[in-house]
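Let's take a walk through this structure together, one feature at a time. Have the sequence and the 3D view ready as you read.

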Amino acid sequence: MKKVEWTDSLNLGVKLIDEQHRELIRIVNQLLQAIHDKDNETTVKEILGKLREYTVFHFNAEERFMNQIRYPGRGEQQQQHERLKRKVKGFQHACFHHEEVTFGELKAMLSEWLLEHILNYDMEIANFLREREKEGDESKGQPGRKQTEENPPDVNKGGG
């Protein structure tokens with residue numbers, strides 16, 4: 001069975017979020033393995049429940065972080081989170097009601113959700129942080145920049 005693989009290209013550079021993404025991938029792989037191995041229904045339901053709980057936990061943490069850094073795309077990101085939570089809930093509902101869900105459908109949804117979301121949405125947070133950091137570096141020594149003990153003038157640029 002092919003697993004969802006973590007690669008360095010998924011790193012945002014935000015330790016807490018990266019650790020949570022790794023944990024989500026671990027839970028997804030645990031679920032995929034249980035389904036592939038045709039584990040008993042109780043085991044699959046437990047792992048799916050754990051995935052749903054951790055998804056909510058992670059999205060809440062990510063949304064707090066986006067608010068903390070004043071990320072301008074947080075509204076769109078929150079909408080995406082809601083869509084993804086509904087998808088996980090839908091699979092959980094199907095499982096509890098003994099509806100047929102194929103391994104391929106589940107793997108496709110989970111892979112798309114995790115990898116596409118991280119690469120297409122969460123990477124924008126990392127880009128925002130890098131741009132903000134770059135702008136902060138460029139403001140050193142610029143007129144109007146208040147000099148304090150924590151924010152001394154940049155002597156190389158003649159700021160003052």
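Helix H4 gives the most to the lining of the largest cavity, with five residues. Helices here are DSSP runs of H or I with at least four residues, numbered from the N terminus. Before going further, note that this is a predicted model, in which local features need pLDDT of at least 70 and side-chain atom pairs count only at pLDDT 80 or more, while totals for chains, interfaces and linings use all residues. Residues are numbered from 1 along each chain as its sequence is written, and side-chain values use heavy atoms, with hydrogens and water left out.

Back to that space. The structure holds one cavity of 30 Å³ or more, and about 40 Å³ of space lies in the largest cavity. A cavity is a set of points, on a 1 Å grid over the protein atoms alone, where a 1.4 Å probe fits but cannot get out, and lining residues have an atom within 4 Å of a point. The volume is the space filled by probe spheres set on the points, which are joined across faces, edges and corners. Lining the largest cavity are His21, Leu24, His58, Phe59, Trp113, Leu114, His117, Ile118 and Asp122. Helix H1 (15-36), H2 and H4 are the elements that give two or more residues to this lining.

Now follow helix H2, which covers residues 41-68. Its 28 residues reach 40 Å from the first C-alpha to the last, close to the 40 Å expected at 1.5 Å a residue; the expected span is 1.5 Å times one less than the number of residues. After H2 comes Arg70, whose phi is positive, near 60°.

Where do aromatic rings meet? The structure holds two aromatic pairs. Tyr54 and Phe57 form a tilted one, 5.3 Å centre to centre with 50° between the planes. Rings of Phe, Tyr and Trp (its six-membered ring) pair if their centres lie within 6.5 Å; planes under 30 degrees apart count as stacked, over 60 as edge-to-face and the rest as tilted. Both Tyr54 and Phe57 lie in H2, three residues apart, about one turn of the helix. Tyr54 counts as buried because its relative accessibility is 19%, whereas Phe57, at 43%, counts as partly exposed. Buried means under 20% relative accessible area, exposed over 50%, and partly exposed in between (1.4 Å probe, protein chains only).

The rings of Tyr71 and Phe128 have centres 5.5 Å apart and planes at 70°, so this pair is edge-to-face. It links distant parts of the chain, 57 residues apart: Tyr71 is in the loop between H2 and helix H3 (74-96), and Phe128 is in helix H4 (residues 103-138).

Methods. On a 1 Å grid over the protein atoms alone, a cavity is a set of points where a 1.4 Å probe fits but cannot get out, and a pocket is an open set with protein on both sides within 12 Å along at least five of seven lines; lining residues have an atom within 4 Å of a point.
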